Amino acid sequence: MKISYNWLKEYISIDVSPEEAAETLTATGLEVEGMERQAEKFDNIVIGKVLTCEKHPNADKLSVCTVTDGEREYPVICGAPNVAAGQVVFFARPGAVIPDGGFKIERRKIRGIVSEGMICSYKELGINDDHSGIAVLEDDVPVGSSAAEYLGQTDTVLEIGITPNRMDALSHVGVARDLAAVYRTSLTIPDISGVPDTLATEAQVVIEDPDLCPRYCAGIIKGITVKQSPEWLQRRLLAAGMRPLNNIVDITNFVMLEIGQPMHAFDLAEIHGREIHVRRAGTEQKFITLDEKERVIRAETLLICDAERPLAIAGVMGGENSEISDSTTAILLESAYFNPSSIRRTSKYLGLSTESSYRFERGADPNMVDWALKRAVGMILELAGGEYLGMIDEYPVEITPWDIDLRLWRVERILGIAIAEDEIRGILERLGIMVDNDGGILKCTIPTFKADVTREIDVIEEIARIHGYDNIPAKEGGEARYTGFFDETAFQNKLRRFLTGAGFDETIAVSLVTKKHATMFSDNAVRLLNPVNAERPYLRPTLAISMLETIATNVHNGISGLRIFEIGHVFDHSQDKERGTFVRGYLEFERLGIAMYGEVASRTWYAKERAHDFFDIKGTLTTLLKFLHLDNVARIHYCKGDPLTDYRFSVEIKDKTAGYIAQFGKTVLESFDLDQPVYYLELDMSVLEGAVEAGARSYIPVSKYPAVLRDVAFIFNEDQLAGEVVEAIYQMNEPLIRNIRVLDVFQHQTLGKGKKSIAFSLVLQADDHTLNDDEITRVMERVISNVTGSFSAAIRG
Amino acid sequence: MLEEISKTKLEIEAAAANISSREDLQAFRVTYLARKGKIASLFARLRDVPPEQKRSVGQELNALRSFAEELFKEREKHFEESRKEKKGFLDYTLPGREFPLGHTHIVSRTIADIQSIFVRMGFSIATGPELESDYYNFETLNFPADHPARDMQDTFFIEKDVVLRTHTSPVQIRLMESRKPPIRAIMPGRCYRNEVISARSHVQFHQIEGLCVDTRVTFTDLKSTLVAFAREFYGETTAYRFRPSYFPFTEPSAEMDISCFLCHGDGCRVCKFTGWLEVLGCGMVDPNVFKAVGYDPEELTGYAFGMGIERTAMLRHNIPDIRLIFENDARMLRQLG
């Protein structure tokens, strides 16, 4: 919201600079986000005098002039038809920036002749649309004086960010009130006693829906002249960011900006039956608003109608049919109070937010409605002439100030400091809150413009913000009560440390994904009702989408290999609509995704380059499981017939499905524009964390006796899985076998067709003695007979 | 048999002494130590030895094998060393064998940095879901339906009463519902806003929320906690100010500004020439929030605060565009992690 500092000072007498006032306002909660000094635009634009003026030798329409700014004479080429010697003009010197268009003045040649400045029109100065020629001023304007001064462009405009609780500050008076409270002074409100309390009989007002319109005031004025507003009024509106239109509309806007009450003027001649009905639309219908747009009105929308038809969308925008025009001579002036929620719903539905709806939906002051009307009437009589025929004030649902008890000790209880009662009373009274002490309790009567102050805590906030947050100290040396400790991100961080230590980079990608990818991975993916980006309307059902996208980005950026992980949430609709992880009907899980592609390592002097393969992702899984001490309770199962992957293995931990490892298939890769293999692992964080043994692990004594290493190789059929053999050996439950490693796997013609050799290395050890040969031989013979017996295998000599 | 063993031992000793090349070394291994070598064949004959001698012969054979192995290793070592000495040159400028290096994402790192400060001040850490009901995201946080306060946060809807959380504040509610006061916790997490993606705003971002509830918590505690945080996180000499603001779930509400650490208050583009940077929102927990979770606002008071992680990280690390943060270009990940 734009606040003119000159305007503000009409209501409050303070002697501070705009900068200081801005700081004060920010400190009371009206944040000044920007300041614009109007005069800045007119730097180097001064009053000048044309000394000489001759035709340009090389151009018919140009004149060559000499202009003085009182200090120096400048050669100036001017294109205006009305330029002549002796004129007093607006002169832009080198360095000036022309307000309309931002053109910078510097020395240049025009058709061979040097020009060092510019004589300006009103349009070029951004004052009005007059571009018929240069502006010619009165002869007695002092040459060399500031153009800004002459034009009255000396205001400072404060741009204030208004939070939704400050409906009281949506006007110049409202903003002045906060300043008055801080500077301990009072407000000067314009006197409206000159406008009589006449009851108008020319028209009727019927409020058919008092819930949505508790109060409606209408004033009738006849015999007005619609014309341009005087300059001072236009200047006020322009400073506040509104465009002047004509005196009637400008006055309604002026009053709104002054006191916060939105108003509307109807052409009385267009009000059929001279009746105003405030009612809901009743049926869906079309209506043309005064911005010439046809809008569809819902049945529940509150309208201002005459005897036959709608005239305005209540509180939002008037209609084209009853708009003030140059030929209007009689008006009905509306000043009303509408239900905030209703206006907000209408404004939202229409996608139409106006200065009026903005104020009504936050809450205007129902008891300022008649004041505003009279204020506008007084100004109209003064600026547009006419005869005031009185007003109608329908107020079926009266809204009165309310009382709040403020217990003085509560102030200290919340703020942590004691503020003297006198100080508190002063603050509240200057804010318009009446105070009465009733034995330690302040009875506060809240004016209706402070609709947000409804509880004791709200009164305390009013006190705190005017007292100043900076005057409430930070507590020194307070002792906090022990509250115990928990960390729900501890497991995340444990994995994060492990994975970064193991050479993985962490990524955080956008959770919103395309329809193509969401539905590729899930039949139950969750869609947004109102996606900002139509291309990404789904919540990711798996981290795989994010990670594949990240890989695609990096491939595109020329990164030759990547090992990444993300810890994030994934979403799905739950099959059972009545159940969900957090919100009924929805599943949300925290997952760990790990992906790798391309080079593991580039070629160096000590090693060849190597690309990632399945055993990198499998090894990552098994190492991770070892890190979590879950390696003995995890199983990997091959999943048949998964269309998205070349192969996929589910990971089970303690008999719960924890996730999977996979190599994505061609369809998936192509949909991400990838042409090289991506190896992927996704694990559920809560399954993983749930499986980890809580508490401290107990020490198990390690064997003091040496371990013995024995190698043994077998010849198998070529489709034999090594893992089955390892598992079979473990299944023997031979306590001396402590570890089995697969040493090598190879095929060779000497082994026979369709055969391969797998060699194992076994670690044998006992806890209570050194193994002797007999024991070792016995174990190895058992192993050999077990393997050759269970599989189609022969020992390789 | 025993005789043969001691003979072989002498032979081995002599053969080892005669090793003068790597070829000799290989030959030694094949002759004595290989699977079909002399020692192995002696072992093979063990089964013919009368049972009462088996034990002593076995021991001798084991000793013989160890003897041969040791000699082999010793000679092998000798050759390795002599090779190095002969080369006599170590190009230490060749790059070493590095292990792969991983990096935490800048968002995680910023969260961790902030967390560690609050953890030392006695705050626990809680988390919650990103897909939320209207009840947790708005209603219990004192956002009435049809109230302009709801415009402060452009919301992604899944259905009428289900949203993507617009802030981490719902975790406050879940926390208060599940635990008894006193509570002191911070709550990091991902949030969503239905905004057009640009250099300054994105559809997702992260927040850290803080909540402290006890019987004697006041605005002065709020200030001391946040001032301590700002001094530690942004630097000892950081100036600060609190100014009134509005959040539906706190009353009174405040914004905390710190002196711009880029221009030190002189005014620059980042602080929009004000000298101040808005770093967090805070306030005293609104009594309606306490009522929504069944706490007695007469007995308990509390403060809450929240700050945006991406904004913090962008300021701290001079990141010009929020989109870079979620693009995950490996070169950026490795720079900042």
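This is a short chat about the predicted model shown above.

Q: Before we dig in, what are the ground rules on numbering and confidence?
A: Residues are numbered from 1 along each chain as its sequence is written, while chains are lettered from A and ligands numbered from 1 in the order in which they are written. The model is predicted, so to speak of a local feature takes pLDDT of at least 70 and a side-chain atom pair counts only at pLDDT 80 or more, totals for chains, interfaces and linings use all residues, and side-chain values use heavy atoms, with hydrogens and water left out.

Q: Thanks! How many helices and strands does chain A have?
A: Chain A has 20 helices and 39 strands. These are DSSP runs numbered from the N terminus, with helices being H or I of at least four residues and strands being E of at least two.

Q: Is chain A spread out or compact?
A: Its radius of gyration is 41 Å, well over the 28 Å that the globule rule gives for 797 residues, so chain A is more spread out than a compact globule. The radius is taken over C-alpha atoms, and the rule is 2.2 Å times the number of residues to the power 0.38. Along the principal axes, the C-alpha atoms fill a box of roughly 125 × 85 × 65 Å.

Q: And what share of chain A counts as buried?
A: That would be 53% of the 797 residues. Buried means under 20% relative accessible area, exposed over 50%, and partly exposed in between, using a 1.4 Å probe and protein chains only.

Q: Let's talk cores. Which residues have the most contacts inside the largest nonpolar core?
A: Tyr216(A), Leu332(A) and Phe338(A), in a core of 99 residues. Such a core is a set of buried Ala, Val, Leu, Ile, Met, Phe, Trp, Tyr and Cys residues joined through side-chain atoms within 4.5 Å. Helix 9 (residues 369-384) of chain A gives the most to this core, with ten residues.

Q: What does Phe338(A) touch?
A: Leaving aside neighbours within four places in sequence, its contacts (heavy atoms within 4.5 Å) include Leu212(A), Val278(A), Ile304(A) and Phe360(A).

Q: New topic: what is the strand order in the open sheet of three strands?
A: The order is 23-25-24 in chain A, with antiparallel pairing. Two strands pair if DSSP finds at least two bridges between them. Strand 23 (402-407) and strand 24 (434-437) are the edge strands.

Q: How many bridges join strand 23 to strand 25 of chain A?
A: Six. In strand 25, Thr445(A) is the bridge partner of Asp403(A).

Q: Which strands does helix 11 of chain A lie across?
A: Helix 11 (residues 421-430) lies across strands 23, 24 and 25 of chain A, at about 150° to strand 24. Axes are lines fitted to C-alpha atoms, for helices over the stretch in contact, and angles run from 0 to 180 degrees between N-to-C directions. Helix 12 (residues 456-467) lies across strand 23 and strand 25 of chain A, at about 75° to strand 23.

Q: Over to chain B: where are the cis peptide bonds?
A: One joins Pro181(B) and Pro182(B), with omega about 0°. Another runs from Glu251(B) to Pro252(B), with omega near -5°, and Pro252(B) lies in strand 8 (residues 250-259) of chain B.
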